[in-house]
Amino acid sequence: MGPGPIYASISPASNYLLQWDGNDFKESNVYSNVGKLGVGTAAPAEQLHLTGRLRSKGIVLDENEEILKNQITCYNRSFYGTDSTGLRKKILMKEDLASEFLLIPEQLSDANKTDWKRK
């Protein structure tokens, strides 16, 4: 807004995406490293690595049969979760709950069945 352009240098930290804070362009908390983005971390381990909570209207899960620790995945029309060791994979929900419910007794030991009847 003067007789000519006024230039100011922009020198954010390397690999951080820029954001406008109302006065200047500064680095954001989004870090880019070899095709991976980290939000809140400068060492992203996945294509998108978040260190905080995620809020979304929806998340689409592709078919995925890998087993990683603390993971929720979808495979063969079922949803699975793993524990903190990544060794235990458990079905979270099936597409057809009614027919799956009827399969539960087949998965129980005799002791489990007796305990279930008692309760």
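What follows is a tour with a few stops, each starting with something to select.

Before we set off: this is a predicted model, where local features need pLDDT of at least 70, side-chain atom pairs count only at pLDDT 80 or more, and totals for chains, interfaces and linings use all residues. Residues are numbered from 1 along each chain as its sequence is written, and side-chain values use heavy atoms, with hydrogens and water left out.

**Stop 1: a pair of rings**

Select tyrosine 16 and tyrosine 31. Aromatic rings (Phe, Tyr and the six-membered ring of Trp) pair if their centres lie within 6.5 Å; planes under 30 degrees apart are stacked, over 60 edge-to-face, and the rest tilted. The count here is two aromatic pairs. In one of them, the centres of tyrosine 16 and tyrosine 31 are 4.9 Å apart and the planes sit at 70°, so the pair is edge-to-face. Tyrosine 16 belongs to strand E1 (residues 16-20) and tyrosine 31 to strand E2 (residues 25-33), so the pair ties together parts 15 residues apart in sequence. Strands (E, at least two residues) and helices (H or I, at least four) are DSSP runs, numbered from the N terminus.

(Buried means under 20% relative accessible area, exposed over 50%, partly exposed in between, with a 1.4 Å probe and protein chains only.)

**Stop 2: salt bridges**

The structure holds three salt bridges, each a side-chain nitrogen of Lys or Arg within 4 Å of a carboxyl oxygen of Asp or Glu. Pick lysine 26 and aspartate 21: their closest N and O atoms are 3.3 Å apart. Lysine 26 is partly exposed at 41%, and aspartate 21 is partly exposed at 38%.

Now jump to Asp115, Arg118 and Lys119, which are linked in a network of salt bridges. From aspartate 115 to arginine 118, the closest N and O atoms are 2.5 Å apart; from aspartate 115 to lysine 119, they are 3.7 Å apart. Arginine 118 and aspartate 115 are three residues apart in helix H3 (residues 110-118), separated by about one helical turn. Arginine 118 is exposed at 63%, as is lysine 119 at 74%, but aspartate 115 is partly exposed at 27%.

**Stop 3: two asparagines**

Most residues other than glycine have a negative phi. Select asparagine 70, in the loop between E4 and E5: its phi is positive, about 50°, although it is not a glycine. Then try asparagine 76, in the loop between E5 and strand E6 (78-82). What is the phi of asparagine 76? It is positive too, at about 55°. Asparagine 70 is exposed, with 56% relative accessibility, and asparagine 76 is exposed with 56%.

**Stop 4: a charge over a ring**

Show lysine 89 and tyrosine 80. Lysine 89 lies over the face of tyrosine 80, 4.7 Å from the ring centre. To count, NZ of Lys or CZ of Arg must be within 6 Å of the ring centre and within 35 degrees of the ring normal.

That's the end of the walk; now pick a stop and look around it yourself.
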